[in-house]
Amino acid sequence: VPDLDNPGRLKVFFFWPFGADYLILELDKENYQFALVGSSSDNFLLILSRNPQMDERTYEMLVKKAEDRGYQVNQLEKVPQKKI
């Protein structure tokens, strides 16, 4: 967390010295079941779920919130998940 006054903005390093901004745009603060993560530009967006299958209403709500923020949601791809 580069700025403690803004804990939803993270700096993630995949390998030193190359890092990227991750912005926590939405978070299930009650049960931590989902998160919407983007970047400081509109070309990076993740919808994360704690479960392999996300409720469709929740997914659509997160897509709408991302779209309202200017992200290109027409390029989102659902990746099949396996339960571990």
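Start by selecting Lys78, which is exposed, with a relative accessible area of 56%. Exposed means over 50% relative accessible area, buried under 20%, and partly exposed in between (1.4 Å probe, protein chains only). This is a predicted model, in which local features need pLDDT of at least 70 and side-chain atom pairs count only at pLDDT 80 or more, while totals for chains, interfaces and linings use all residues. Residues are numbered from 1 along each chain as its sequence is written, and side-chain values use heavy atoms, with hydrogens and water left out.

**Around Lys78**

The term covers a side-chain nitrogen of Lys or Arg within 4 Å of a carboxyl oxygen of Asp or Glu. Lys78 is in the segment after H1 and Glu56 in helix H1, so the pair ties together parts that are 22 residues apart in sequence. Glu56 is partly exposed, at 42% relative accessibility.

Glu77 is exposed, at 69% relative accessibility.

**The fold**

Switch to a cartoon view. The protein has one helix and four strands, in the order β-β-β-β-α from the N terminus on. These elements are DSSP runs numbered from the N terminus: helices are H or I with at least four residues, strands are E with at least two. Of the 84 residues in the protein, 23% are buried.

**The largest pocket**

Display the largest pocket, which has a volume of about 520 Å³. Of its 19 lining residues, the closest to the centre are Ile47, Pro52, Lys78, Val79 and Gln81. A pocket is defined on a 1 Å grid over the protein atoms alone, as an open set of points where a 1.4 Å probe fits, with protein on both sides within 12 Å along at least five of seven lines; lining residues have an atom within 4 Å of a point. Grid points are joined across faces, edges and corners, and the volume is the space filled by probe spheres set on the points.

Colour strand S4 (45-49) and helix H1 (56-68); each supplies at least two residues of the lining. Which element gives the most to the lining? S4 does, with five residues. By residue class, the lining divides into 10 nonpolar, four polar and five charged. Here Ala, Val, Leu, Ile, Met, Phe, Trp, Tyr, Cys and Pro count as nonpolar, Asp, Glu, Lys and Arg as charged, and the others, Gly among them, as polar.

**Salt bridges on H1**

The structure holds five salt bridges. Select Glu26 and Lys65 for another of them, where the closest N and O atoms are 4.0 Å apart. This pair links distant parts of the chain, with Glu26 in strand S2 and Lys65 in helix H1, 39 residues apart. Glu26 is buried, with a relative accessible area of 19%, whereas Lys65 is partly exposed at 30%.

Next, select Lys64 and Asp68, a salt bridge with its closest N and O atoms 2.7 Å apart. Both residues lie in helix H1, four residues apart, about one turn of the helix.

**The aromatic pair**

Select Tyr22 and Phe44. The structure holds one aromatic pair. The ring centres of Tyr22 and Phe44 are 5.1 Å apart and the planes are at 35°, so the pair is tilted. Rings of Phe, Tyr and Trp (its six-membered ring) pair if their centres lie within 6.5 Å; planes under 30 degrees apart count as stacked, over 60 as edge-to-face and the rest as tilted. Tyr22 is buried at 16% relative accessible area, and Phe44 is partly exposed at 25%.

**Last stop: Tyr32**

Select Tyr32, in the loop between strand S2 (18-27) and strand S3 (34-38). Its phi is near 55°, a positive value in a residue other than glycine. Most residues other than glycine have a negative phi. Tyr32 is partly exposed, with a relative accessible area of 47%.
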